[in-house]
Amino acid sequence: MPFLLLIEDDDAIRTGLELGLSRQGHRVVSAATGEDGLRLLKEQRPDLIVLDVMLPGIDGFEVCRRIRRTDQLPIILLTARSDDIDVVVGLESGADDYVIKPVQPRVLDARIRAVLRRGERDSTDSAAFGAIVIDRNAMTVTKDGQDLQLTPTELRLLLELSRRPGQALSRQQLLRLVWEHDYLGDSRLVDACVQRLRAKIEDVPSSPTLIRTVRGVGYRLDTPQ
């Protein structure tokens with residue numbers, strides 16, 4: 001039974017999602033403010049966080065940033081608007097996915113389960129790309145022998161790219177493989193995740209040698225020469 005932390009200030013929405021997600025087979029603990037959510041996170045260990053963007057006190061973006069300083073738990077943002085700025089800021093803050101309100105519990109449940117599947121074990125081999133070593137059985141990534149802290153989404157993206165070294169994958173392909181939906185308007189999910197992943201695996205993120213941009217297509221993973 002997946003254990004969720006729901007941070008949502010609207011009483012009606014919070015109650016409705018708690019009830020709906022419980023019916024979908026989740027165990028849910030909730031908070032009405034970002035401060036209370038962060039306190040609960042210290043006391044309990046959820047499998048995933050569902051986080052509203054517009055919160056009293058510290059907003060969802062800042063909550064996401066604070067979590068990402070120490071933890072790689074999956075985070076799904078709830079946003080009342082589809083504004084590019086809101087979505088991009090949320091993804092750059094470290095969110096794995098986002099859902100626009102009003103949202104049906106079944107839709108949110110599908111997104112939650114898709115995110116949680118990204119952390120499941122893969123095949124039993126490993127691959128090396130320069131100083132980066134990917135262990136698909138242990139689901140770990142190291143750089144120069146040191147463990148890298150990746151979110152499940154960042155890890156899944158790297159795994160999918162590593163299965164096809166040197167091959168360009170379109171944003172739509174990556175959306176389908178990693179996020180399990182392929183609405184092209186969500187390509188910002190891919191771009192934001194690539195940006196975060198580069199910051200962790202590249203020696204110079206602004207001049208990547210591993211995850212290359214293929215103009216007009218998407219991205220590919222190269223082995224350093």
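Predicted model: local features only at pLDDT ≥ 70, side-chain atom pairs only at ≥ 80, totals over all residues.
Where is the place of Pro102?

1. **A cis bond in a loop.** Pro102 has its place in the loop between strand S5 (97-100) and helix H5 (105-117). The peptide bond that joins Lys101 and Pro102 is cis. Its omega is about 0 degrees. Most peptide bonds are trans.

2. **A positive phi.** Look next at Met139. Its phi is near 55 degrees, a positive value in a residue other than glycine. Most residues other than glycine have a negative phi. Met139 also lies in a loop, between strand S7 (132-135) and strand S8 (140-143).

3. **Overall build.** The chain has eight helices and 12 strands. Its radius of gyration is 17 Å, close to the 17 Å that the globule rule gives for 225 residues, so the chain is as compact as a globular protein of that length. The C-alpha trace spans about 55 × 35 × 30 Å along its principal axes.

4. **Two packed helices.** Two packed helices are described by the angle between their axes and the distance between the axes. Helix H6 (residues 152-162) packs with helix H8 (residues 187-201) at an angle of about 85 degrees. Their axes are 10 Å apart. Angles of 65 to 115 degrees count as roughly perpendicular, and H6 and H8 are therefore roughly perpendicular to each other. On the H6 side, the contact is made by Thr153, Glu154, Leu157 and Leu158. H8 brings Cys193, Val194, Arg196, Leu197, Lys200 and Ile201. The residues of this contact divide into six nonpolar, one polar and three charged.

5. **Rings.** How many aromatic pairs does a search of the whole structure find? The search finds zero. One ring has a charge over it: the charged end of Arg27 sits over the ring of Phe3, 3.9 Å from its centre.

How values were computed:
Residues numbered from 1 in each chain as written. Heavy atoms only, no water. Axes fitted to C-alpha atoms, helices over the stretch in contact; angles between N-to-C directions. Helix = DSSP H or I, 4+ residues; strand = E, 2+ residues; numbered from the N terminus. Parallel < 35°, antiparallel > 145°, perpendicular 65-115°, else oblique. Contact = heavy atoms within 4.5 Å. Nonpolar A, V, L, I, M, F, W, Y, C, P; charged D, E, K, R; others polar. Phe/Tyr/Trp six-rings, centres within 6.5 Å; stacked < 30°, edge-to-face > 60°. Lys NZ or Arg CZ within 6 Å of the ring centre and 35° of its normal. Rg over C-alpha atoms; globule rule 2.2 N^0.38 Å.
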